[in-house]
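Visitor: I'm new to this structure and would like a close look at a single part. Could you pick one spot and walk me through what sits around it?

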Amino acid sequence: MKTYGYAALAADKPLAPFSFDRRALRANDVAIEILYCGVCHSDLHTARNDWSWTNYPIVVGHEIVGRVIEVGPDVTRHKVGDHVAVGTMVDSCQNCDQCHKGEEQLCREGNTQTFCGVDRITGEPTMGGYAKHIVVREEFVLRVPKGLALAKAGPLLCAGATTYSPLRNWNVGPGSRVGVIGMGGLGHMAIKLAAALGASVTVLSRSPSKEADAKELGADAFLLSSDEKAMVQAGSAFDLIIDTVPTKHDLTPYLPLLDVDGTLCVVGQVGPLDELNSLPLLLGRRRVAGSAIAGIAQTQEMLDFCARKNVLPEVEMIGIDQINEAYERLLRSDVRYRFVIDMASLTQPHVDAA
Ligand code: NAP
Ligand code: ZN
């Protein structure tokens with residue numbers, strides 16, 4: 001299938017219009033016309049090769065919402081016209097113990113990422129959602145529940161799933177005390193989801209200007225991470241801290257904030273952190289953990305939960321021609337709190353008759 005979108009052509013070049021092929025529909029594939037795509041910090045990390053694994057050209061984007069336009073003959077879960085969503089994974093082995101448990105993100109063979117992955121059958125590079133169409137096997141296509149606003153649902157697929165998963169896996173509910181480090185795309189969803197699960201939520205931020213928004217989004221308290229006195233006073237205050245900071249940083253100042261047996265779960269930085277001081281871990285039997293995205297069943301559970309509880313991200317809608325400016329603003333944390341690309345703004349690139 002011929003399609004088009006915006007691609008990064010090199011780490012130091014702006015994203016630009018790009019035409020490419022999606023694979024022909026397999027028997028268990030769903031073809032989707034993309035209506036909206038959220039802008040995750042991982043898109044930016046990948047476009048700029050921050051993780052040193054990007055192959056160019058690359059179309060990024062893994063917070064995809066769209067409409068089914070065609071299905072293969074074996075597809076049973078989705079039909080033409082359905083509103084559907086695709087997150088950060090498009091395939092896995094489907095055979096290992098983790099896949100059988102619905103934890104495809106932990107597939108023993110490695111899951112296939114929506115972009116920067118390799119198609120398990122053809123070996124072609126996978127391309128993400130800053131595009132008009134995508135083709136995905138049906139097991140990795142999620143249902144957008146009725147009542148969930150399509151234009152806002154995109155960020156749930158990554159920012160929502162990535163923060164919902166540790167909240168559920170650490171059994172957060174009424175009575176839980178949750179801290180959220182970094183109030184950006186992931187962080188603001190962590191606040192909303194933890195509050196909707198009944199927890200008391202504190203935002204740990206370096207930006208005093210975000211305090212009013214934090215409270216409006218459902219946080220009970222706001223702690224300025226540069227305020228050393230307030231940080232000491234908040235000792236042992238949390239059962240779970242979700243850390244969404246996207247760069248190398250020091251966890252040590254946050255560890256004493258955990259209560260005995262509490263866990264700090266890193267979901268932001270992918271790669272090295274500053275040297276860890278084990279003392280607060282030993283003294284409080286505290287833990288540092290990590291978590292990546294969520295399995296398909298848990299992602300669907302999260303979408304259904306958000307529809308039921310009316311939990312939606314705060315979004316700023318942009319045209320795809322504004323994507324490079326949006327990346328610069330994302331780097332400055334100048335977004336409240338997730339950009340979403342309206343794919344109606346995407347036009348077919350002009351092809352010169354050579
Ligand atoms: P984002 O919208 O840019 O938000 C990050 C927030 O972290 C900022 O708003 C800021 O909040 C804080 N922050 C930024 N730079 C900082 C610094 N140098 N020091 C301290 N705090 C800083 O990013 P995002 O889309 O939420 O993504 C966050 C990270 O999660 C990215 O690295 C992304 O790749 C990763 N990610 C991981 C997964 C996973 O599966 N684990 C999934 C998706 C994304 P304050 O101003 O409030 O401090
Ligand atoms: Zn993401």
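Guide: Let's start with helix H4, residues 159-169, which lies across E10, E13 and strand E14 (258-266). Keep in mind that this is a predicted model. The helix runs at about 160° to E13.

E10, E13 and E14 belong to an open sheet of six strands, ordered E12-E11-E10-E13-E14-E15, with parallel pairing. At the edges you'll find strand E12 (221-224) and strand E15 (287-290), each of which pairs on one side only. From one strand to the next, the twist averages 20°.

Zoom in on two of the strands under the helix. Strand E10, residues 177-181, and strand E13, residues 238-243, pair in the parallel sense over four bridges.

Next, step back to Cys158. Its SG atom coordinates the zinc ion (ligand 2), along with SG of Cys40 and NE2 of His62, at 2.0 to 2.2 Å. Along the sequence, these donor residues follow the spacing C-x21-H-x95-C. Cysteine 40 sits in the loop between strand E3 (29-39) and helix H1 (41-47), while histidine 62 sits in the loop between H1 and strand E4 (64-71), so this pair ties together parts that are 22 residues apart in sequence.

Notes: Residues are numbered from 1 along each chain as its sequence is written. Chains are lettered from A and ligands numbered from 1 in the order in which they are written. This is a predicted model: local features need pLDDT of at least 70, side-chain atom pairs count only at pLDDT 80 or more; totals for chains, interfaces and linings use all residues. Side-chain values use heavy atoms; hydrogens and water are left out. Two strands pair if DSSP finds at least two bridges between them. Axes are lines fitted to C-alpha atoms, for helices over the stretch in contact, and angles run from 0 to 180 degrees between N-to-C directions. Contact means heavy atoms within 4.5 Å. Donors are N, O and S atoms within 2.8 Å of the metal (3.2 Å for Na, K and Ca); water is not among the atoms, so sites may look incomplete.
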